[in-house]
Number of protein chains: 2
Amino acid sequence: MLQAPYLVFLGDATDPLSIKMAKGVATWKPALCVGQYRLDGCTESANLPDMSIAEAAEKGAKTFVLGFANSGGKIDESWLPHIKEAIENGMDIVSGLHDKLIDFQELVALSSQHHCKLIDIRHPTEKFATGTGYKRSGKRLLTVGTDCSVGKMYTSLALESAMRENGINVDFRATGQCGVLIAGKGLAIDCVVADFISGAAETLSPNNTADHWDIIEGQGSLSHPAFAGVSLGLMHGSQPDALVICHALGRSSMRGLTDRPLPTLKHTIELNLAAASITNPDVKVAGITINTSSVSEQQANEICRNLSQELGLPVVDPLRHGVQSIVDNL
Amino acid sequence: MLQAPYLVFLGDATDPLSIKMAKGVATWKPALCVGQYRLDGCTESANLPDMSIAEAAEKGAKTFVLGFANSGGKIDESWLPHIKEAIENGMDIVSGLHDKLIDFQELVALSSQHHCKLIDIRHPTEKFATGTGYKRSGKRLLTVGTDCSVGKMYTSLALESAMRENGINVDFRATGQCGVLIAGKGLAIDCVVADFISGAAETLSPNNTADHWDIIEGQGSLSHPAFAGVSLGLMHGSQPDALVICHALGRSSMRGLTDRPLPTLKHTIELNLAAASITNPDVKVAGITINTSSVSEQQANEICRNLSQELGLPVVDPLRHGVQSIVDNL
């Protein structure tokens, strides 16, 4: 459980993709962010007000968020003075990097002295039980993908937002570091020990009232040879009533791989329904979202319309069309 | 990589199921074991010669193996004097418990002094990369199951043994703590961080000569709601050419669960072929092994014969019938 509001640290980032964490929270929860803190040489922005650590503290910032990633997930020594300054200003520190804040003795000592927490989102500290598959009350929707990075988090947040506007009792359940930052809670499911994937997923969407929907952020893809195990464990623990399948146009190969074409939507529907039926035999596909950014608006409309006719499901680009037609189909 | 021979420690075990580690290695690799060491009150035996730690050291024991499990996987304080005595006699210590040997400062200090290793098999220390699914040379067989604990390790070892007798170039690849102890190497795959399941599995059966078979010990079951993620990641990383499906008769529910009947063999074949085809489109089922211990020899023969006709595959109880018919079908 993270304490808002956040001061988002961009370091000296020069690559727009490297500040996904910062942009995610700035886009989806600007009210959680008092501002951004950038070092000399930083050419990127999350479009938040620039401010110093002291200014942010005055404005009530409770958490200093490392809003970037780098190759290897290293915590650079040059950032330590800034992290320390944030601790001295009473802030918790959140990192989604592979390197752990708690491995830096000087940070551990200082945060203890100032009663601040060091939160390594990618390294869950909870103990989980193994999964059971026993039916829980309430309703659940899981986003799944033809590939990694096809908009599962975006689709999940768009669904939560649209459902809330429709007066539905709904919660977004974060399963990745970026989602956790946006939701202020959740779990980086791919960082859990393999034996406990579905058990951990079960804790993420506990029993709830019959009218309540959990919108669970999917991870990976059942068709991705690196991450399908995570996707399946998350799916079984989530026991979804509804799936929304996410896809991106214009990819010649699955993310991070060569010579591995994306599966078709039809195959993805069959594969995911078969797998999900293990813990929820009544699971259905509620719709399909497509990242159409690689084609024109007109082409996007045509592609979605044709796919919708072919598959008999709502098919939308959540950015261009919104997700109301999927909500209507639940 | 564990150093044989082993002295197998049974503690004060009184439950035959609790000494699975000890029995596994004593059954499959008696030549690796100089003997067993039991405390007062121990009523179980791995059928190895009883001896003291000093006697075992004289006979050349290089590793002291905690050959038992208990509820919660705790390392009991009362065992520490015995573990220390083994270290003082120059032995490495191997534990498959959840508690870590390396969390006991006194053991860390003593083992360092005596140049011995503390090996927590359930806590891999290697760093893995994420999987790729890229085709490796050589051939691979993976055992899979309708459930957990249906004889996947036994079947794998029986296959390795029979294939070796048939003059085939073959290696058993251990993926569980018990298998690791028997093979002297391997990896407890369910203890790897979820993101790296298939990447870790890829390292277990590296490129090999075209005639070489890896027999990879399966884990869990694609139909088990707790462990299917592990099973799928292991499967994708193993990219098996052949699957052998393992099953146990007479179970009313899947292991550890209530009201969850085992899937049919037909369904299990389809589910596993579909999943394995992601990293090996040419995968085939080579045969089925069944633990028939709950029925008579005559009933077992009849059940296997009928299933074999129905499914068009060799179907055997490896204990009662051996696995030659499956080897012939490869």
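Which strands of chain B does helix 9 lie across, and at about what angle does helix 9 run to strand 9?

## Helix 9 and the sheet of chain B

In this predicted model, helix 9 of chain B, made of residues 265-276, lies across strand 6 (139-145), strand 9 and strand 10 of that chain, and its direction is at about 145° to strand 9. These strands belong to an open sheet of six strands in chain B, paired in parallel and arranged in the order 7-8-6-9-10-11. Strand 7 (170-173) and strand 11 (315-316) of chain B each have a single partner strand, so that one side of each edge strand is left without a neighbour in the sheet.

Within this sheet, strand 9 (residues 242-248) and strand 10 (residues 284-291) of chain B run parallel and are joined by seven bridges. At the residue level, Ala242(B) stands opposite Lys284(B), which is in strand 10 of chain B.

## The nonpolar core

In soluble globular proteins, nonpolar side chains tend to be buried together. Here the largest nonpolar core has 78 residues, and those with the most contacts inside it are Met235 and Ile288 of chain A together with Met235 and Ile288 of chain B.

When neighbours within four places in sequence are left aside, the residues in contact with Ile288(B) include Ile245(B), Leu265(B), Ile269(B), Leu311(B), Leu313(B) and Ile326(B). Pro314(B), Val315(B) and Val316(B) are also in contact with Ile288(B).

## A covered helix

Helix 8 of chain B, residues 228-238, is mostly covered, with 11 of its 11 residues buried; among them are Leu232(B), Met235(B) and His236(B). The cover includes helix 8 (228-238) of chain A, and from chain B it includes strand 6, helix 7 (197-204), strand 8 (213-216), strand 9 and helix 9. Just after helix 8 of chain B comes Gln239(B), which takes a positive phi of about 35°.

## How the two chains are related

Chain A is superposed on chain B by a rotation of 180° with 0.0 Å of shift along the axis, giving an RMSD of 0.1 Å. That is the relation of a two-fold axis. Of the interface residues of chain A, 100% are also interface residues in chain B, so the copies meet through the same surface.

## An annotated span in chain A

An unreviewed UniProt entry annotates residues 43-124 of chain A as "domain: D-glutamate N-acetyltransferase-like N-terminal". In the model, the end C-alpha atoms of residues 43-124 of chain A lie 32 Å apart, and the span is 29% helix and 13% strand.

How values were computed. Residues numbered from 1 in each chain as written. Chains lettered and ligands numbered in written order. Predicted model: local features only at pLDDT ≥ 70, side-chain atom pairs only at ≥ 80, totals over all residues. Heavy atoms only, no water. Pairing = 2+ DSSP bridges. Helix = DSSP H or I, 4+ residues; strand = E, 2+ residues; numbered from the N terminus. Contact = heavy atoms within 4.5 Å. Axes fitted to C-alpha atoms, helices over the stretch in contact; angles between N-to-C directions. UniProt positions renumbered as here; feature names shortened; annotations may be inferred. Core = buried A, V, L, I, M, F, W, Y, C linked by side-chain atoms within 4.5 Å. Buried < 20%, exposed > 50% of the residue type's maximum accessible area, 1.4 Å probe, protein only. Least-squares fit on C-alpha atoms with pLDDT ≥ 70 in both.
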